[in-house]
Amino acid sequence: MENGTKEAAIRRYFDAWLTQSIALLDGLFDDTVVYTESWGPEYTGYDQVLHWFREWNHRAQVTQWDIAQFIHQGLTTAVEWRFRNRYNTGEEEFFDGVSIFQFDESGAIVRVKEFGAKLPHFNPYTQKGPPRSTDMWTIKTHEEH
């Protein structure tokens, strides 16, 4: 499978989220796809991916999903990206990430694993005292408490 074909499929997938167009997902995934989001949820099967897409887009909108680079190895492509979304409540999320896409020989996506890094990036050791982690997405320094 050509790298350009994999990149086109990934761009189409990102465009589906940016435009909230479920039609763009047609033919991208194998029926048995497994998709793991950066914060833990995992969807098994194309039907669950479609359910997630519909449900999530009912309560939020992706406003940015920029690709920084692709890295290819055989049927696997990693893509580095920057993502922003806004929930209907007005809350926004903004983070960098990497997705690892695995394709089968026919070009269908069979596995996606996402990893994220919240923005802005920072050095937790520029403050006095040890950093205190409240969860994997929030780190506060000792002085903030």
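In this predicted model, strand S1 (residues 29–36) and strand S6 (residues 109–118) pair in the parallel sense over four bridges, two strands being taken to pair if DSSP finds at least two bridges between them. Helices (H or I, at least four residues) and strands (E, at least two) are DSSP runs, numbered from the N terminus. Within this pairing, Tyr-35 stands opposite Val-112 in S6. Residues are numbered from 1 along each chain as its sequence is written, and side-chain values use heavy atoms, with hydrogens and water left out. Because the model is predicted, local features need pLDDT of at least 70 and side-chain atom pairs count only at pLDDT 80 or more, whereas totals for chains, interfaces and linings use all residues.

Strands S1 and S6 belong to an open sheet of six strands, in the order S2-S1-S6-S5-S4-S3 and with mixed pairing. Strand S2 (42–44) and strand S3 (60–73) stand at the edges with a single partner strand each, so that one side of each is left without a neighbour in the sheet.

Helix H1 (residues 3–19) lies across S1, S3, strand S4 (76–87) and strand S5 (92–103), and runs at about 170° to S3. Helix H2 (residues 46–59), in turn, lies across S1, S2, S3 and S4, running at about 55° to S1.

Thr-36 has its place in strand S1 and, at 14% relative accessibility, counts as buried (under 20% relative accessible area, with exposed meaning over 50% and partly exposed in between, for a 1.4 Å probe and protein chains only). The side chain of Thr-36 makes a polar contact with the side chain of Arg-111 at 3.0 Å; such a contact is a pair of N or O atoms within 3.5 Å, of which, within protein, one must be able to donate a hydrogen and the other to accept it, and residues adjacent in sequence count only if both atoms are side-chain atoms. Leaving aside neighbours within four places in sequence, Thr-36 is in contact with Pro-41, Glu-42, Arg-111, Val-112, Lys-113 and Glu-114.

Methods
Contact = heavy atoms within 4.5 Å. Axes fitted to C-alpha atoms, helices over the stretch in contact; angles between N-to-C directions.
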